[in-house]
Amino acid sequence: GQHEPWIIRPNDRCTVLINGHKLITGYVDKLNPSVDSNSRKIGVSGRDKTADFVDCSFEINKKQFIGQTLDAIAKVLAKPFGLNVVMVGKPGDPFKDTKMQEGETCFESLDRLAKMRGFLLKTDGLGSIVITRPSGKRATTALEQGKNILSISANFDNSDRFSDYIVKAQTNNFAEEIDPSKAFQVRATAKDKGVSRYRPMVFVAEQGATQKEAQDRVNWEATTRAAKAAKFQVTVQGWTQADDSLWLPNQLVRVKSTWVGVNQDLLIT
């Protein structure tokens, strides 16, 4: 019933709250106001503060990191954007020598390194970059057909899933730099027992790696592809669980539905 227009502009700072819980801290990207003889509407869309980190390229004099851990490199990349970095757990071994590639966005650079250590990147709703692994933390409420599921659909797609994964990597040793025949001697494998027929996939690691790093990388590829092969979309009533906490990414939730044949723990994405 207000008579004055609600003035919102692209690039305005914005916080989205649900029942007092901060869901997003970020900026307005797009604005779509409209008016006719019967109504006035305003459509606003935006993203978390980490959107700049996702969109923008890396432009810092220091483009080579020697002996730095994943979280230390993340803090260097995030500093120009005023973003905090939250490391969940130990970051793993330092990278002996890694370089940022020209034309990469900051997210692409960090995601490439996170894969080498078996981590994933997310945000916490407060505008921080969170480096974590798939969580063991459980949602407090199960999702069950006939109780709190309004609708559910599934998408099963095994086209990007393989029986055998082989990663090859180049080491950083000087001796191998002068002997190209030894350049890709690091090799690691992983199997997906859920794929019954022979479907091998060979790929090259994003950067030089030790044998352990190559094994972590190929394990990450196998488990991630298997997990993405089955996706479920569930609609519930409201934004919160039974204890008033928000539904949040990276929580395990029990999903039960005879319609789509699921009764297992799934990760909220």
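Reader: Which residue is the bridge partner of L120 in strand 8?
Author: The partner of L120 there is T132. Strands are DSSP runs of E with at least two residues, helices are runs of H or I with at least four, and both are numbered from the N terminus. This is a predicted model, in which local features need pLDDT of at least 70 and side-chain atom pairs count only at pLDDT 80 or more, while totals for chains, interfaces and linings use all residues. Residues are numbered from 1 along each chain as its sequence is written, and side-chain values use heavy atoms, with hydrogens and water left out.

Reader: In which sense do strand 7 and strand 8 pair?
Author: Strand 7 and strand 8 (residues 129–132) are antiparallel, with 4 bridges; pairing requires at least two DSSP bridges between two strands.

Reader: What is the strand order in the sheet?
Author: The sheet is open, has 3 strands in the order 5-8-7, and shows mixed pairing. Strand 5 (85–87) and strand 7 (120–123) each have a single partner strand, so one side of each lacks a neighbour in the sheet.

Reader: Turning to the cysteines, how many disulfides are there?
Author: The count is 0 disulfides, a disulfide being a pair of cysteine sulfur atoms within 2.5 Å.

Reader: Is C106 buried or exposed?
Author: C106 is buried, at 1% relative accessible area, whereas C14 is partly exposed at 28%. Buried means under 20%, exposed over 50%, and partly exposed in between, using a 1.4 Å probe and protein chains only.
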